[in-house]
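Subject: Structure for your attention

Dear colleague,

Please find the structure below, handed over for your study. My findings follow it.

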Amino acid sequence: GAFDWQLSASASNGKLAFGELNPRFSGLSNLYLTAMNTTEETRTASLGISKLDAIGGTINLNINTGYNSFFNQVNSQTLPFGPAAALAFGTTNPYSGNLSLTYTQPLLRGFGREVTEARLQAAIEQAKGADESFRGRMMELLTHVDHLYWNQVYARQNLANKTIALELAKKHLQEDRDRIEAGMLARVELPQVQAAVAEWEKEVLAAEAMLMNAQAALLQNLFPDEADRPAALNPVDPPEAGPMPVPLAEAKALALSHRPELAQAKYSLSANRTLEKAASNATLPQLDTQVAVIRDTSTYADVNGIWNDWSQARYPGYYVGLSFSYPIGNRARLARLSQAKAATRSSEYVVKDTKTTVGLDVEQAYTDFTTARKQVDAADAALAFRQESLDAEMEKLANGLSTSFFVLQRQSELDQARTSDLEARIAAEKARTNLERAMGTLIDSAK
């Protein structure tokens, strides 16, 4: 805005009438008195346009026209019996004007694009920082919604696992009843299986409630307007451990070039450095040069004569000058420079601190993800072993070498293994999202 053309205009119209009744001293002051009435009319109009250029100079074009008229009426009365006399006169040519084109250029303070555009460049850097702040907020929202998605996946799969466990318990209960009727199993074994079925039914109800809550949280975050909110969302991506990430050194390098808070800190530092240079320039003396081209006019009875003088350049003129000023002590500007330097140093520390924080964040997220992947492998192996253990126990039961108690125990262990395996996969997915957030690549990977 400082470099926009500035248009200015003014107009005025005034009239003043005043009178006077005083003795006039001309050697015969005791013989006559004089009364004078004066009417003054003034009208002015001006139009100007100015602009600041990139190196600090200012160009001004000004047009001024004016009307200035005096009308005087003098009445003289000679005393005691002299004749009365009256005299009236006024301005013959009331119109005049002035046209000037002026350029003022600072030579020390305020000189140069680096100084003149300092606030503009600082504002641009701050706007870029605001964009990065928005990008950081978007990454936080993506991470939050991603975690809500995997919470629903977990709840849905957990319900499926609990349902499978319940069906196995019911099947086992029916098989025990058949064995009791066939006389192959004592009836005292039945309550234990019935209790297990009741426990699994309770687990299924809890899993259903968890799924409803997880689904509601995801829907409300994705669809804040209830009118647009669907009844349900069916996740299609299963939880997978995913491939190994890039090496840690590369992950840190990505973070240093992509993390929004670091970019925001760098833009803030750049803006403060720009303002510091401008504050340093402001401590210099004020030394300006000014060049002007002038077109004046004579006085006329109407406006046309003014335009003729301007168009024919009848009364040209110019001036060239230097002006100098410097506050003794210059304490105010030196204080502002100290403040600007302090802001720059503060921004430098923020950049360094942010780099350290980002590096630590990436390293921790990297460790969490690699650990989560290993935990998935371990959970997969444990799940396979628990399934084999249940199968073996069922076979022993069929051969009369085991009891329902041990079969139910193996089923419970298998359910716990399924839950642990699911938790490990969900944790790995969340850890991968967190690593992408730490590297600053989450938005790109989410497209």
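I begin with D421, which is buried, with a relative accessible area of 8%. A residue counts as buried under 20%, so the value of 8% places D421 in that class. Please bear in mind throughout that this is a predicted model.

D421 lies in helix α8, which covers residues 404–439. Which residues does D421 touch, not counting those up to four places away in sequence? They are V376, A379, D380 and L383.

The secondary structure of the chain comes to nine helices and seven strands. How does its radius of gyration stand against that of a compact globule of 447 residues? Such a globule would have a radius near 22 Å, whereas the protein chain has 46 Å. Along the principal axes, the C-alpha atoms fill a box of roughly 165 × 50 × 40 Å.

Of the 447 residues, 32% are buried. The chain exposes about 26100 Å², and carbon and sulfur atoms supply 57% of that area. When contacts between residues at least 6 apart in sequence are considered, 78% join residues at least 24 apart. As for charge, there are 44 positive and 52 negative side chains, and the centres of the two sets lie 9 Å apart.

**Aromatic pairs**

A pair of aromatic rings is described by the distance of the centres and the angle of the planes. How many such pairs does the structure hold? There are three aromatic pairs, and two of them are described here.

One of them is formed by Y67 and Y95, whose rings are edge-to-face, 4.8 Å centre to centre and with 65° between the planes. Y67 lies in strand β3 (residues 58–78) and Y95 in strand β5 (residues 95–106), so the pair ties together parts that are 28 residues apart in sequence. Both Y67 and Y95 are buried.

Another is formed by W307 and W310, again edge-to-face, with 5.1 Å from centre to centre and 70° between the planes. Why are these two residues separated by about one helical turn? The reason is that W307 and W310 are three residues apart in helix α6 (residues 304–312).

**Residues with a positive phi**

A313 has a phi near 50°, a positive value. A313 is placed in the loop between α6 and β7, and at 31% relative accessibility it counts as partly exposed.

N330 is not a glycine either, and has a positive phi of about 55°. Is N330 buried or exposed? At 4% relative accessibility, N330 counts as buried.

Yours sincerely,

A colleague

How values were computed
Residues are numbered from 1 along each chain as its sequence is written. This is a predicted model: local features need pLDDT of at least 70, side-chain atom pairs count only at pLDDT 80 or more; totals for chains, interfaces and linings use all residues. Side-chain values use heavy atoms; hydrogens and water are left out. Helices (H or I, at least four residues) and strands (E, at least two) are DSSP runs, numbered from the N terminus. The radius of gyration is taken over C-alpha atoms; the globule rule is 2.2 Å times the number of residues to the power 0.38. Buried means under 20% relative accessible area, exposed over 50%, partly exposed in between (1.4 Å probe, protein chains only). Contact means heavy atoms within 4.5 Å. Accessible areas come from the Shrake-Rupley method with a 1.4 Å probe; for residues, only the protein chains shown count as cover. Lys and Arg count as positive and Asp and Glu as negative; His and the chain ends are not counted. The place of a charge is taken as NZ of Lys, CZ of Arg, CG of Asp or CD of Glu. Rings of Phe, Tyr and Trp (its six-membered ring) pair if their centres lie within 6.5 Å; planes under 30 degrees apart count as stacked, over 60 as edge-to-face and the rest as tilted.
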